[in-house]
Amino acid sequence: MEVLQLILNGLMAGTVLAVPAIGLTAIFAVLRFTNFALASHMTIGAFAGFIANTTFGLPIVPALAAAFVVAGIIGWMSDEFVLRPLRASGFVTTAIGSIALTIALENFVRFGFGNQMRGYDLPLRRDWVISGLRVSPQQFENLLIAIVVVAMLFAFLSMTRTGKAMRAVADNPMLASIKGINSDMVARLVSFIAMGLAGLGGMLSGLDTTIDPLVGFRTILSVFAAAVVGGLGSIPGAVVGALVIGVGEELSLLVLTPAYRTAVGFIAILLVLTFRPRGILGQRAY
Amino acid sequence: MAELSARGIVAGYGAADEILKGVDFSVGRGEIVCIIGPNGAGKSTLLKTISGLLRPKAGTVLLDGNDITGRLPRDIAHAGLAYVPQEHNIFPSMSVRENLEMGGYIDPGAVSKRIVKAMERFPVLGAKQRHAARTLSGGERQILAMAMALMVEPSVLMLDEPSAGLSPLAAEKLFDAIIEINRDGLSIGMVEQNASEALAISSKAYILVDGRNSRTGDAAVLAANPEIQRIFLGA
C-alpha cells in the first residue's frame, strides 16, 4: 500500500512538474538553448499568484491566470532585452547568461518580499481516503489544473495556425523562414508561453506547500531532469519525463530520506545521458 | 521580359569568402531554366542568395521588375518566389497535411482549397496526409517539398537539386512532375546534378564554374555541344 501511495503521489507531483518542464523544452526546441531563468520565473509566478490571491482576494484559478500572465510578460521581456543579445555568442553563453538572469530576478523577489515562507489563502480541507490511499483535495485540484493546461497547450500546438508555426520553427527554422514564418515573433511567443507555464508551475507547487524566493530554484533540477529524460525539445517527452521523475522522487523515499530525493534528478540525467542521450521520446518529437 | 533576373551577383558565406563572383541568371515567363556545373561552382549559393537566405555583397535581383535584392526570405516568398532547398526541405515531425499548411502559411485564406488541389495533383500526398513527413520515402519527400512550395501559387519556383539521392525511377517521376507544373504556366529555375535530364527538360541553361558564368544558352544546343557532353554528360 505504501508503494501505491508513493506512486500516486508521484503521478500527481509529476503532472504538476510537467507544466514548467514543457516550458523548458519548448524554449530549447525553438531557441536552441536551455533557459535556466525558468527557475526565477517559477518564483515570479508563485509570488504574482500570491499577490492576486492574498492582496486582491482572487480565487485560485484567476490567481493562476495572473501567475501565467505576469511570469510570461517578464519572461518575454527578459528574453528580449537580456538573453536575445547573447544568442549570437552561442548556446553555452546564453545558458550561462540565463543562470545570471535567474539569480538577479530571484534577488529582486527577495528584495521585495523577504525570505520568509508564505502561504496562499486556501480553505483548510481534510484529505480524502479512497481504498486506503490518501489524496489531498488541493493535490487533486492541482492535478486537474495541470491536465487542463497541458491539454490546452497540445490543442494550441496541433490545431492553431500559430501553434503549428511554433512547431515548424522548432522542427526546421530555416525552412520556416523560407515559408514566411516570422521566427522572431515565434521566439517571443515561445518565451511568453514557456515562462508563463513556469509561473503557473511555480504557483501550483506553492499551493501544495508554501512559497519563498527559492521555490523555483528548488524545483529547477527536477524540471530539467524531466525535460532531459523525456527528450529535450520534445513536448510529449517533457510530460513523460515529468511523470518518471515525479514517481522516481517519491519512490526514492523508500530507501532515502527526503533530503536526498533531489538525487533522483541527478541520477536520471546521468542514466539518460549514458544510455539514451536523446531521451525517452527523442529530441524534436511532437 | 524575364520574370526573375539576377545581375552581377557577388555573394559568399563570410566576409572574405566570395563564392559567387558576379553571376548573371534569369528565368523568363513559363520557362524551365537549369543551372549545372561542377561541385563548388556556387549553384546552390546562387539559389540561396536569390531566395534571401544569403545577402549579396553586390548585384541586383528583380522579380517581375521589383527589386527583391537582400530582402528577408519571408518578404521574397510574399513577392512570389518559392524556393525548395536540396535538403531539410520538409518539417519532419509534422504530418504531410500540416506541412502543406505551413507551405501556404503566408496566404492562410486559400490553404484549404490549395491542399485539395495539391492532393489531386500528387495523390501520394493525399493517401499519406496524416503520416509524419519523416516517414515518407526520398521521392515522396521531394514531391511534398515541391507541393509545399506550390501552396502559395508562386510566379517562380526555384528547385535546388530536386533529384539528389533519388532512385532513377523516383527521379524520373519527379522530373515528370516538374514538367507538368511548368505546363500550368509556372516559371522554374533549377540547380541539378543530373545534367542530361536537366538539359532535356529545360529551355535555357546556365553553366557555372568557379562562381562565374561559363556558358549560357539554349539547353538543347548546350546538350549537343561535345565539350559539355564530355565534361557534364559523361559522353
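**How many helices and strands are there in chain A?** Chain A has 11 helices and two strands, where helices (H or I, at least four residues) and strands (E, at least two) are DSSP runs numbered from the N terminus. Reading from the N terminus, the elements go α-α-α-α-β-β-α-α-α-α-α-α-α. What you're looking at is a predicted model, in which local features need pLDDT of at least 70 and side-chain atom pairs count only at pLDDT 80 or more, while totals for chains, interfaces and linings use all residues. Residues are numbered from 1 along each chain as its sequence is written, and chains are lettered from A and ligands numbered from 1 in the order in which they are written.

**View 1. Chain A from end to end.** The C-alpha trace of chain A spans about 60 × 45 × 35 Å along its principal axes.

View 2. Buried residues make up 55% of chain A (buried: 20 or more other C-beta atoms within 10 Å of the residue's own, C-beta atoms being placed from the backbone). Leaving out residues up to four places away in sequence, V190(A) touches A26(A), I27(A), V30(A), L31(A) and M166(A) (contact: C-beta atoms, placed from the backbone, within 7 Å).

**View 3. The open sheet of chain B.** Six strands line up as β6-β7-β8-β3-β9-β10 with mixed pairing (a pair needs at least two DSSP bridges). At the edges sit β6 (81–84) and β10 (212–218) of chain B, each pairing on one side only. Strands β3 (residues 32–36) and β9 (residues 204–209) of chain B run parallel, joined by four bridges; one partner pair is C34(B) with A205(B).

**View 4. Where chain B touches chain A.** The contact takes 18 residues from chain A and 20 from chain B. On the chain B side, α2 (73–79) and α3 (96–103) are the elements that give two or more residues.

Methods: Buried ≥ 20, exposed ≤ 12 C-beta atoms within 10 Å, placed from the backbone. Contact = placed C-beta atoms within 7 Å.
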